[in-house]
Amino acid sequence: MSTASRGFARRLLRALGLAALAWIALTWAVVLLLRFVPPLTSAFMIERSIGAWVRGERGFHLRYRWTPWEKIAPVAPLAMVASEDQKFPYHHGFDVEAIRDAIGEAEDGERLRGASTISQQVAKNLFLWPGRSFVRKGLEAYFTVLIEATWPKRRILEVYVNIAELGDGIYGVGAASEAFFHTTPAHLSGWQAALLASVLPNPRRLHADRPSPYVLRHAAWTQRQMAQLGGTSYLPQ
């Protein structure tokens with residue numbers, strides 16, 4: 001390799017290194033800011049709004065209202081932990097055992113199921129886009145690590161219960177409690193919280209206020225899990 005080629009390679013590597021450092025600094029600054037500041041929106045909310053506009057959904061209205069932890073009935077985050085990620089207080093962003101089980105089932109010919117933790121879902125909903133590409137999953141892992149390193153567990157759960165889609169265009173327990181139960185997040189009952197958690201697999205098809213047999217069964221199971229976990233004392237402090 002000539003001297004000029006070696007010089008170009010060094011400059012290229014230096015530029016790539018600086019770009020990587022700038023990317024890490026910028027993304028970590030955003031994550032650090034959101035530890036203290038409520039997110040104004042999320043990537044998933046923006047994607048849903050753009051999709052509604054492109055498809056000409058004239059009646060679409062996105063509903064999202066941030067509600068601080070202190071004004072949310074503790075049964076709401078507990079229901080989501082019981083339904084979605086029972087190891088949430090103890091893992092560091094990834095449920096390795098669940099991932100291993102999902103891969104094993106796929107190798108046995110079963111459909112590949114998700115094994116995302118609440119931390120991963122916060123990363124995805126806040127910063128990324130729907131899909132299962134390797135690029136998306138890699139970025140999801142990256143943001144999950146940043147979030148787990150920067151936020152306490154309670155903050156992760158607070159953001160999740162506020163940005164999770166709980167109905168078509170309805171994000172977070174603030175908007176969902178009003179839309180479905182005509183109440184405030186502070187007054188959600190255990191059963192109502194379990195219903196909200198039970199639509200999370202597909203909130204545009206499943207309805208907390210008009211529960212299908214599946215939602216009713218899952219809500220009953222979620223309530224049992226909430227009790228078996230020890231109630232709201234299981235939540236991170």
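Gly-167 stands opposite Ile-170, a residue of strand 3, in a model that is predicted rather than determined by experiment. Strand 3, residues 170–171, pairs with strand 2 in the antiparallel sense over 2 bridges, where pairing requires that DSSP find at least two bridges between the strands. These two strands belong to an open sheet of 3 strands with the order 1-3-2 and mixed pairing. Because strand 1 (63–64) and strand 2 (165–167) each have a single partner strand, both stand at the edges, and one side of each is left without a neighbour in the sheet.

The chain as a whole contains 10 helices and 3 strands, these elements being DSSP runs numbered from the N terminus, with at least four residues of H or I for a helix and at least two of E for a strand. Along the sequence the elements follow the pattern α-α-β-α-α-α-α-α-β-β-α-α-α, and the C-alpha trace spans about 70 × 45 × 40 Å along its principal axes. Of the 237 residues, 44% count as buried, the classes being buried at under 20% relative accessible area, exposed at over 50% and partly exposed in between (1.4 Å probe, protein chains only).

Residues are numbered from 1 along each chain as its sequence is written. Local features need pLDDT of at least 70 and side-chain atom pairs count only at pLDDT 80 or more, while totals for chains, interfaces and linings use all residues, and side-chain values use heavy atoms, with hydrogens and water left out.

On the surface, Arg-6, Arg-10, Arg-11 and Arg-14 gather in a patch of positive charge; such a patch joins like charges within 9 Å, among residues with over 30% relative accessible area and no salt bridge, a salt bridge being a side-chain nitrogen of Lys or Arg within 4 Å of a carboxyl oxygen of Asp or Glu. Arg-6 lies in helix 1, residues 3–36, and counts as partly exposed because its relative accessibility is 38%.

Val-122, in helix 5 (residues 118–127), is by contrast buried, with a relative accessible area of 0%. Val-122 and Thr-144 are 22 residues apart in sequence, and their C-alpha atoms are 7.8 Å apart in space.

His-182 is placed in the loop between helix 8 (172–181) and helix 9 (190–198), and is exposed, with a relative accessible area of 70%. Although not a glycine, His-182 has a positive phi of about 55 degrees. Most residues other than glycine have a negative phi.

Technical notes. Patch = residues over 30% accessible without salt bridge, like charges linked within 9 Å, V, L, I, M, F, W, Y side chains within 5 Å. Areas by Shrake-Rupley, 256 points an atom, 1.4 Å probe, with all protein chains shown as cover. Lys, Arg positive; Asp, Glu negative; His and termini not counted. Charge placed at Lys NZ, Arg CZ, Asp CG, Glu CD.
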